[in-house]
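Work through the exercises below with the sequence and the three-dimensional structure open beside you. Try each task yourself before you read its solution.

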Amino acid sequence: MSDNEIDKSPISTKRARESSIEEDEEVRVLKIDPKDQVKIITQLQQDQLVEGLTWYLISKAWFTRWKQYCSRLSSPQPISRKLGEQTIPGPINNQSILQEDGHLEDSLVLDDTVYAVPEEAWKNLADWYGTLSEPIERLVIQKDNELIVELYPPTFRLSVVVNEPSTILESSPQFVLSETSTILDLLLAIKNSLDLSQESELQIWLLPEPANSPILTLTSVQQATVLDIENKFASLSLSGLHHIAIGIKGDARFPLDSVKQSDSSSSVSSVSSMFANGFNNLTTSTVSTPTTHKLVRGVCGLQNLGNTCFMNSALQCLSNTPELSKWFLAQNYKNELNRDNPLGMKGQVAEAFGELIEKLWSGHSHSFAPRDFKYTIGKFNSSFYGYQQHDTQELLAFLLDGLHEDLNRIAKKPYIELPDFDGKEDKEIAQCSWNYHRARNDSVIVDYFQGQFKSKLVCSECKNVSVTFDPFMYLSLPLPIKKKSKTTIVYVPYDPTQRVQRVVVTLSKDASIAHLQKKVAEMMSVEDASTLLVVELFSHKIYKVFPQYEPVATIGSSDLIYVYQLPGPVPPVPKKKISYRFNGNDDDEDMTEPQDEDQLIVFPVYCATVENSEESYLSQPQQFGDPFIVAIPYRYANSHSVLYHLISQHVERYTHFKLFEEVNEEEMEEPPAYEVAVNQTSEQQQPIHTAAAVTAAGGKKTEPMANLFTMKVFCSTTSYGRHSEELFPCSQNWNHNSLIDLRERSEREQIEREEYEKAGDSNEQVDTEMEEAKVEQVQELEDEEVVEDAAEEFYQNQAPHNNDDPLACSDVESFCSNENNAGSRHDSPVLSYTTPKAEPIQTKKVLKCPPSAIIRQGEGILLEWSPKKAKQLFGESQFSSSNGVSASGWNEIEELGDPEDNSANPSEQKKKQVTLSDCLDEFTKEESLSEEDLWYCPKCKKHQMATKKFDLWHMPEIVVVHLKRFSHSRTWRDKIDVLIDFPVQELDLTDRVLSVEDVEDRLLYDLYAVDNHYGGLGGGHYTAYAQNFEDKNWYHFDDSHVTKVDVSEIKTTAAYLLFYKRRRNPAGNTKSVEEILQEVKEKQQAAEASTYQESSEMTEDTNHEMIEDTNQKNEDVDMFANSEDAENIDMFATEMPEEVEDTNMSVKEITKNEDRTDELREEYSAFN
């Protein structure tokens, strides 16, 4: 069996299929940025290295290719990003780490030649890329005080040693354990694989080479090593594949005699001696084994078959339910099986559960593997087929419902029409509803587990009241806890005179970015929350602009979040058009001007230094500081000087010197040049952070110093998917070829605008062939993926630069006219090679009026500084940097901390602990249905908003409380890990049940089991605490390991399901398990004795008839022998042999029957 076969899971194929066919899931994957993918997987690897969790192996070839792909798409180099777009890793493929037979390659090293990720990470990668290989699962174990992923767990392939070769075993069983497994685990696994009793005595040989048959003889193990199994709790300390031979004492299927040592042999190491000595050791060992001492009934573990801890914990809780287990141990279920119920499982689930309870309470073994039970439930519910982790509450609900239908005493469910309950009392409605339910549902599960609650709906419009009474099998209680998330943000007010502030924002876990905007607006006294723009900064660049619908929970703890205030609402994301250019002179902007001229144009501004040299075009601008956001109404974005003035105001927030100087309005003299202003300013001036520092005395007019920087325009040139439209460029890198001088653009477009106005109506005459060609090209480009990026990059690197013409590459749309780079030039030698050259079309020159705004939405501005100016204004960096410019101005942030931090106030910190009573209050609290969950009002005849309230009406003998720790929202799931204080004894529900009339008869419940869940959503582990109803002690059930615990230890933050039993005086079934089993044994003996009596009487009657028949035949023989009649003598001579033969057969039958009668008498004596 290969690793793929061992770890085979049908879920992985389903996940890959779903991720490829569900459109909205595809959209979600496409929106996940490669950097986020690496961060998510890395964080999961750090957080989920927990002992007992399942991890998945991934080949180095694919994992390295994936990381390289993400790294390239996150690279600042355009050529790397374009290469990344063409090298998608594809579906996960593990063939490179598997041998031809499917086993893992030898000598693999974790994090070197193979990688491992936790289950949630594997699920994410499978969703993002799909899979070509079945998952290879491995456990996290603790070895040498270190947590590691077990790469080569010990795999055992069995052969059985017998006296003579046979074909009783067609194939060799195989199973997988762990290096931390014990000898006892190995023995249990062998017995389960060969379907042996727990009392079977074994001898184990480690074979030096693979066995050629599943059945071996003693001569085949002469060179084998005997495994010491005396210390049952010794660690195996084995890894990899091992072939072992098993000798079984006293098993009729695998006969093997203990051969005595030959007289001629003095060696005690002979196979026969080792075998005999081995059995003697097994028999006389004082180590804990199933036969050495009496075990406590019910204290028996369940082996983990592979992520089956969710099943084991639920079964242990049900096993320690006194009335249920005693009912099954008494074998009452055999008399109530309903195999014809179409809603049931043909009685097989009830039978499998009954057999499991018998094993758990037999007192014969420490643990066993519930394979038969798991196979049965998997057969009737495909969700539990395979070895994936599931919710224990879902398993419990399925099991209780399955047991109910398998044991339903109603053979044919009647149809009963409920009457009209209008105007009737609650008591009458409840009783009628319960009678109707019991008429169709009557089983031991209903007797013990089912109760009834009242549901009341009130229409908000007509006040119509609807009351129903419904049965329940468990109480799912919401936790009165609004889990909070704390996000650290940096708030940047639009007014440059105000300080930048860092603050911690506390929101609910399921809050969206819209909630974050609203909260920050409240904290910063901003009137309109829609004026706040939330972005993420990474590597000193704006990495992401958050849409309002995105959940805050997607923000990582290390993410740097900035909230920029704007002078107006955030504008909509621009819709880019796809155009096609026939030559570089076509300046079609394809930008639609906004109808509202007051709509803001929002763009990021970066600062960088450039060298003033002839070869400066070869160097890349060196950024310093962080970006900032500037916004300007569309109507004012038509002047280079206006933009220069506005940007200078925002730059002054980060400089050490004032950038604005007073000017005389009467003389309207130009502001002083930069060099003059700097020489007039003290070198000791400190950074400016106050309004006085940037406002001229007396409110005089000020203007920024001239020639501080050059403004260059850039836009995004690449994308990670088809859904990448953004407000402005993110994670941008620059080179001189892709930057447009804003002043030159303004001047050029002004000339074009004047030419357009002079041309008048002539610009409306468009050549028809030209327009048709454009339309055809646009349609083709809309259906294509990004395939020309590499060619364009090649062309840009190979083509000579035209340094003499500053406008040759100045049009930004020639580089980024659309997100798919459809504006690539077709004069590229590479593109002309791959695309047939079309005949030139004779067209008329089409004049179009350029946009009035010289900066467009979707673009950004890079401020190019000379290194000298930058260092003088911003200061020199004390640390090594690429350009030596200090970014200290950006680090001047006022720390506000966490306004909701109550750690300084002990009284606020010590809040009331959440109790089970609080959860019950939350369950019975009246709530208003939202607009997304309207109720159909029968009186209004339409869906209406309403109020809803639940109340308890009738409580069962066994109350299962489900604490809803897993919170769900439209975009996020999370687990609430808080301690819920619950009573161990005397849970009083009297005052909460509406039907209680006699308050003296209190509804008191005692806890007897707790189902725990440790870990988060991506993985975890289930255990159980349960009180044994025989010895009254509490035990901790952790799969196959069972330990006694004190009752004070059972209250933890992991408590998920609580099991309560009603306190009764006198108690229900007071018989002990021993007494119940004794009664069952006596009933079996009585039944067998009755069978013996009937068989004995039948045998005696048969013998009497045969004796009489034999005597008659003997008389006939004598008569023929004494006859003198010649004819009779001849007949006698002819028939005598046949008569004698019949007589002999009759005697043999009589003897056989007499022997059987003696056997029956002996058995009957043994019974008594």
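## Exercise 1: Residues in their surroundings

Leu 104 is buried, with a relative accessible area of 5%, where buried means under 20% relative accessible area, exposed means over 50% and partly exposed lies in between (1.4 Å probe, protein chains only). This is a predicted model, in which local features need pLDDT of at least 70 and side-chain atom pairs count only at pLDDT 80 or more, while totals for chains, interfaces and linings use all residues. Residues are numbered from 1 along each chain as its sequence is written, and side-chain values use heavy atoms, with hydrogens and water left out.

**Task.** Describe where Leu 104, Lys 143 and Glu 405 are found, and state the accessibility of Lys 143 and of Glu 405.

**Solution.** 

Step 1. Leu 104 is found in the loop between α6 (78-85) and β2 (114-118); helices (H or I, at least four residues) and strands (E, at least two) are DSSP runs, numbered from the N terminus. From C-alpha to C-alpha, Leu 104 is 8.2 Å from Tyr 152 in space, although the two are 48 residues apart in sequence.

Step 2. Lys 143 belongs to strand β3 (residues 137-143), and with a relative accessible area of 37% Lys 143 is partly exposed. Not counting residues up to four places away in sequence, Lys 143 touches Ile 148 and Glu 179, where contact means heavy atoms within 4.5 Å.

Step 3. Glu 405 sits in helix α14 (residues 392-406) and is buried, its relative accessible area being 5%. Leaving aside neighbours within four places in sequence, Glu 405 is in contact with Asn 338, Asn 341, Leu 343, Gly 344, Lys 413 and Asn 441.

## Exercise 2: Salt bridges

**Task.** How many salt bridges does a search of the whole structure find, and which parts of the chain does the pair Arg 502 and Glu 895 tie together?

**Solution.** 

Step 1. The search finds 37 salt bridges, each being a side-chain nitrogen of Lys or Arg within 4 Å of a carboxyl oxygen of Asp or Glu.

Step 2. One of them joins the side chains of Arg 502 and Glu 895, at 2.2 Å from N to O. Arg 502 lies in strand β17 (residues 500-508) and Glu 895 in strand β28 (residues 893-897), so the pair ties together parts that are 393 residues apart in sequence. Arg 502 counts as partly exposed at 24% relative accessibility, whereas Glu 895 is exposed, with a relative accessible area of 51%.

Step 3. Lys 519 and Glu 900 also meet through their side chains in a salt bridge (3.2 Å, N to O). This pair links distant parts of the chain, 381 residues apart, with Lys 519 in helix α17 (residues 513-523) and Glu 900 in the loop between β28 and α27 (906-909). Glu 900 counts as partly exposed, at 38% relative accessibility.

Step 4. Arg 856 forms a salt bridge with Glu 749, and their closest N and O atoms are 2.6 Å apart. Here Arg 856 is in the loop between α25 (829-834) and β27 (859-865), while Glu 749 is in helix α21 (residues 742-759), 107 residues apart. Both Arg 856 and Glu 749 are buried.

Step 5. Salt bridges that share partners join Glu 336, Arg 409, Arg 438, Asp 442 and Asp 447 into one network.
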